[in-house]
Amino acid sequence: MPKLNFGLSFDLSPRTGTSVAAVLDAIVPILHKAERYGFTSCFTGENFPVRSSYFSLPSPMLVLSALAARTGLRLGTGVTMAPLWHPLRLAYDSAVLDQITNGRFTLGVALGHPPDMARFGIDPKSAGDRMDDIIGALRALWSGKDEYVGKTLSVAQPIAPLPVQPGGPPIWFGGLGPRTARRVAEHGEAWFAATMYHLEDITKQVAANREQMTAINRDPNTVRIAVNRLTVVSNTPERAFAEGGEYVEKVIRTYAGFGAMSGRTNPDDSSSQIVPLTPDSDRILDRVGEMCLIGSPDSIIPTLSRYVSAGVTDIQLRLNPGEIPFDQIDRTVELVGREVIPYFQ
């Protein structure tokens, strides 16, 4: 069995009646346990809520800088919505965070969502070209170049300080389709599959990535394939669903309300057609199937093995859906670290 790298992914919005600081204080002991068990990284996403939510915060790099001195794990954004940033701001902030972490920072990026683009005054029709220019500008500025001239934007003068990592932090690209595959081939260390991507989506994108890499004479094996999965693990599958299923289901139904979730037409047939889901779809966790890792160590290992067979090299366990209790998150890390990670080493 090929090796699989295990990382953590957290939604760090403050819980009801608490603060961001309280959430960070609660997860730091979990991060320490994860380090002891061989987890390699901790990622957090970027979100722009207009009301209280249980998803990601709007300032992931600020949060990661607060964790930098409290963990030895690699820290990453999963993902930053790059078109919403000015390339100079993103280049500067990323370089400083790479300095703070002493070279332990990974920048995950994706296009983001049209409603957020509208709030930031970005035309969704030009977001793809803007994304390409931002990545080009980052690579140029991180390398110490004086300027970058692109199709949609240009930047003059270099930045300082430069990142610790030569040429800048690794970039993990989210998204689907041939344009994402080209970005991965030209600039990426990894492709990063989102929470709502099925195994079929992952398999197709891996093939597209490999095709683009081969076309530019880059070894396809030099790019990692990372996947973000909502995860609750307990001693038995029944206990995992009883303790964590409601929290995962709340996230899945929220995504369905955005029109961003799909699942099987027949929840009892893993080969049935995949169709869009609505917030009121019945048996929604059964419909999304192996998109989530809910179960015991023994029951999730076969699912993880199928991901490995599809080319996945990194699994980011998204551990705190909704307001799941921190002791359940701790138990997931304990069981995965003790009984799952050794299987894939």
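Lys and Arg count as positive and Asp and Glu as negative, with His and the chain ends not counted. On this basis the protein chain of the predicted model carries 33 positive and 36 negative side chains. The centres of the two sets lie 2 Å apart.

The protein chain contains eleven helices and 13 strands. Its radius of gyration is 19 Å, close to the 20 Å given by the globule rule for 345 residues, so the chain is as compact as a globular protein of that length. Along the principal axes, the C-alpha atoms fill a box of roughly 60 × 40 × 40 Å. Buried residues account for 54% of the 345 residues. Of the contacts with a separation of 6 or more, 71% involve residues 24 or more positions apart.

Alanine 127 lies in helix H5, which spans residues 127–142. Alanine 127 counts as buried because its relative accessibility is 2%, and buried means under 20%. Neighbours within four places in sequence aside, alanine 127 is in contact with Pro83, Leu111 and Met117. Serine 9 is 118 residues away from alanine 127 along the chain, and the C-alpha atoms of the two are separated by 26 Å.

The structure holds 23 salt bridges. One of them joins the side chains of aspartate 25 and arginine 70, at 2.9 Å from N to O. This pair links distant parts of the chain, 45 residues apart. Aspartate 25 sits in helix H1 (residues 20–37), and arginine 70 in the loop between helix H2 (60–67) and strand E3 (74–81). Both residues are partly exposed: aspartate 25 has a relative accessible area of 45%, and arginine 70 has one of 31%.

Glutamate 189 forms a salt bridge with arginine 224, with the closest N and O atoms 3.4 Å apart. Glutamate 189 lies in the loop between helix H6 (178–187) and strand E8 (190–193), and arginine 224 in strand E9 (residues 224–233), so the pair ties together parts that are 35 residues apart in sequence. Glutamate 189 is partly exposed at 24% relative accessible area. Arginine 224 is likewise partly exposed, at 28%.

A salt bridge of 2.8 Å, N to O, connects the side chains of arginine 331 and glutamate 243. Here the link runs between helix H11 (residues 326–340), which holds arginine 331, and helix H8 (residues 237–257), which holds glutamate 243. The two residues are 88 residues apart. Salt bridges with shared partners also join Asp129, Asp132, Lys151, Arg179, Arg182, Arg183 and Glu186 into one network.

Technical notes: Residues are numbered from 1 along each chain as its sequence is written. This is a predicted model: local features need pLDDT of at least 70, side-chain atom pairs count only at pLDDT 80 or more; totals for chains, interfaces and linings use all residues. Side-chain values use heavy atoms; hydrogens and water are left out. Helices (H or I, at least four residues) and strands (E, at least two) are DSSP runs, numbered from the N terminus. The radius of gyration is taken over C-alpha atoms; the globule rule is 2.2 Å times the number of residues to the power 0.38. Buried means under 20% relative accessible area, exposed over 50%, partly exposed in between (1.4 Å probe, protein chains only). Contact means heavy atoms within 4.5 Å. The place of a charge is taken as NZ of Lys, CZ of Arg, CG of Asp or CD of Glu. A salt bridge is a side-chain nitrogen of Lys or Arg within 4 Å of a carboxyl oxygen of Asp or Glu.
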